[in-house]
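Visitor: I'm new to looking at protein models. Could you walk me through how to read a few features?

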Amino acid sequence: MGERLAGAEKEVLVEIVRFTQKNGLKGAEGGWKDFLALNDKKYGVSVSDPKKRTKDVLLAFLVTFSKDFQKYFSKLVRRHAERRAIEQYMNEFSGKISPEQKLVQLTTEHTEYRKNYYFPSYQEGWKIVRIGKLASSMNSGAMLAIDCEMVLCNDGTEAVVRVCVVDSKLEVKLDELVNPLKAVADYRTNITGVSKKDLEGVKFSLVDVQKSLKKLLAKGKILVGHSLYRDLYVLKFDYSRVIDTAYIFQYANLPTTALASLNSLCKSVCGYTLREEGKPHDCLKDAEAAMNLVTAKLKHGFNDPIEIAENSVPESDQMKLLAHRIPVYLPSQELLKILSGNPSIEEKIDSRIRGDFYSTCILFKDIDEADKAFDELDGQETKDTSGRLQKSVLLKRDNGDVASFFVRKMVYGSRPNNTDVLKKRPEPTDNVERKREDVDGDKQKRQRTSKKHGKKAKTPVVA
């Protein structure tokens with residue numbers, strides 16, 4: 001057993017065991033629950049929460065993994081030690097910490113950070129880059145912003161096809177098309193702006209991207225991006241000194257767990273529209289936008305919650321419902337059986353396949369039809385992690401099998417109906433005095449009626 005793993009604190013070992021659970025990792029005696037069932041005759045899997053187990057039990061499970069895995073676990077321990085050292089340094093030398101490093105810390109303190117930034121870098125092809133000496137890193141404010149475009153491959157994974165990097169002055173440091181080196185199922189050209197023809201003759205590979213990034217990030221530079229973990233995941237690049245622009249702002253009119261889109265933040269923080277509805281992404285502009293957000297945060301603070309524009313969800317997206325956690329064996333066309341109206345499966349979508357499940361968008365003729373289809377859908381209504389309404393539904397297939405998945409709305413909350421809109425609409429200014437007179441007259445009439453009957457007037461009850 002490695003000394004670093006054996007010397008780790010219990011809370012660190014708990015995190016590592018949970019990591020094995022999340023990624024379905026198994027040692028010589030199976031997964032975590034398999035290990036408990038085999039070795040604990042008294043409690044078995046009835047006490048499966050790693051936090052409720054002793055450090056010795058956690059270590060005994062982790063040493064059942066191969067030496068390669070144990071080396072990776074040791075790297076996770078080192079990552080925890082680095083994070084703890086950074087926290088201690090910031091407490092002791094707060095006056096020496098760069099403003100940019102404080103945004104790094106703000107990112108790591110976000111509730112979603114540990115969920116999204118623990119990468120499976122034990123897998124083949126991943127590159128782990130350390131941040132260098134602690135003191136020099138904490139005082140440095142050098143930053144680079146990155147954005148990637150991805151395609152969907154035949155094996156269900158995503159691959160990078162374009163990568164752009166800019167510095168804090170928006171000077172381009174990297175702008176390359178990337179050969180995915182495997183069969184592509186969907187280029188998503190309407191989103192990525194990259195076609196099959198664009199990649200003809202391209203020799204720049206993922207390994208080349210990793211080498212370039214490692215060189216650019218020398219001396220512990222900060223890497224900036226929006227939902228940056230998605231880019232790092234597809235790049236197979238494990239780097240810890242990051243600023244995620246989705247994590248450094250608070251939102252006044254979104255659910256606590258919700259994150260604003262890059263386009264919405266640009267409108268609210270920087271005052272410009274990043275892209276028009278229906279236009280493909282521009283990798284370079286997205287990288288510049290992420291850097292602009294960090295620059296604005298450093299300059300103006302934005303410590304108070306900001307308002308995100310209500311129209312941040314395009315009208316075309318409000319005409320859709322998202323079906324997700326769909327078993328891969330269930331054809332997308334079968335989803336239409338349980339929905340009212342005249343829906344269709346959107347052909348050009350940013351679909352995602354994750355293991356045994358996939359997601360897809362369902363398109364309706366207008367917003368009302370989409371809302372009605374969701375309301376009439378039979379299923380338990382909940383909210384996703386971002387606060388959007390969704391339903392857990394069951395679909396009985398022709399062969400008798402039953403498949404379960406989720407159908408989610410694309411917007412937060414409910415769209416106001418016509419009655420609500422009319423109630424909120426202001427009265428014409430030339431009728432204000434007349435309306436006030438009518439109200440006063442009605443009020444006096446109710447008072448006279450009340451006195452006549454010797455009791456208070458009752459508020460009418462609407463059946």
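Visitor: Which side chains meet Lys337 or Asp398 in a salt bridge?

Guide: Start with the general idea: side chains of opposite charge can pair when their charged atoms come close. Keep in mind that this is a predicted model. Here Lys337 and Asp398 meet each other in a salt bridge, at 3.6 Å from N to O. The pair links distant parts of the chain, 61 residues apart: Lys337 is in the loop between β9 (320-327) and β10 (344-345), and Asp398 is in the loop between β14 (389-396) and β15 (402-409).

Visitor: Is Asp398 buried or exposed?

Guide: Asp398 counts as exposed because its relative accessibility is 76%. Lys337, at 49%, counts as partly exposed.

Visitor: How many salt bridges does the count come to?

Guide: The count comes to 13 salt bridges. Take Arg188 and Glu158: their closest N and O atoms are 2.8 Å apart.

Visitor: What about Arg162, which residue does its side chain meet in a salt bridge?

Guide: Arg162 meets Asp282, with 3.9 Å from N to O. Again the pair links distant parts of the chain: Arg162 is in strand β3 and Asp282 is in the loop between α12 (262-270) and α13 (283-300), 120 residues apart. Arg162 counts as buried because its relative accessibility is 18%. Asp282, at 28%, counts as partly exposed.

Visitor: Let's turn to rings. How many aromatic pairs does a search of the whole structure find?

Guide: The general idea is that a pair of aromatic rings is described by the distance of the centres and the angle of the planes. The search of the whole structure finds 20 aromatic pairs. In one of them, the rings of Trp32 and Phe61 have centres 5.2 Å apart and planes at 70°, so we call that pair edge-to-face. Trp32 lies in helix α3 (residues 32-39) and Phe61 in helix α4 (residues 55-62), so the pair ties together parts that are 29 residues apart in sequence. Trp32 and Phe61 are both buried.

Visitor: And how do Phe35 and Phe61 pair?

Guide: Phe35 and Phe61 make a tilted pair, 5.4 Å centre to centre with 55° between the planes. This pair links distant parts of the chain too, with Phe35 in helix α3 and Phe61 in helix α4, 26 residues apart. Phe35 and Phe61 are both buried. If you follow the ring pairs along, they link Phe19, Trp32, Phe35, Phe61, Phe65, Phe69, Tyr72, Phe73 and Tyr122 into a cluster.

Visitor: Which residues of α4 are buried?

Guide: In α4, the buried residues are Leu58, Leu59, Phe61 and Leu62. They cover an arc of only 160° around the axis, which puts them on the same side of α4. What covers these buried residues includes α1 (3-6), α2 (10-22), α3 and α5 (67-92).

Visitor: How many disulfides does the structure hold?

Guide: First, the idea: a disulfide is a covalent bond between the sulfur atoms of two cysteines. This structure holds zero disulfides. Cys266 is in no disulfide, and the nearest cysteine sulfur, that of Cys270, is 5.2 Å away. Cys266 is buried, with a relative accessible area of 0%. Cys361 is buried as well, with a relative accessible area of 12%.

Visitor: One last residue, then. What does Val393 touch?

Guide: Leaving out residues up to four places away in sequence, Val393 touches Ile338, Leu377, Asp378, Gly379, Ala403, Ser404, Phe405 and Val407. You'll find Val393 in strand β14. Val393 counts as buried because its relative accessibility is 1%. Now compare sequence with space: Val393 and Gln380 are 13 residues apart in sequence and 7.1 Å apart in space, C-alpha to C-alpha.

Key:
Residues are numbered from 1 along each chain as its sequence is written. This is a predicted model: local features need pLDDT of at least 70, side-chain atom pairs count only at pLDDT 80 or more; totals for chains, interfaces and linings use all residues. Side-chain values use heavy atoms; hydrogens and water are left out. Rings of Phe, Tyr and Trp (its six-membered ring) pair if their centres lie within 6.5 Å; planes under 30 degrees apart count as stacked, over 60 as edge-to-face and the rest as tilted. Helices (H or I, at least four residues) and strands (E, at least two) are DSSP runs, numbered from the N terminus. Buried means under 20% relative accessible area, exposed over 50%, partly exposed in between (1.4 Å probe, protein chains only). A salt bridge is a side-chain nitrogen of Lys or Arg within 4 Å of a carboxyl oxygen of Asp or Glu. The arc is that of the directions from the helix axis to the C-beta atoms. Contact means heavy atoms within 4.5 Å. A disulfide is a pair of cysteine sulfur atoms within 2.5 Å.
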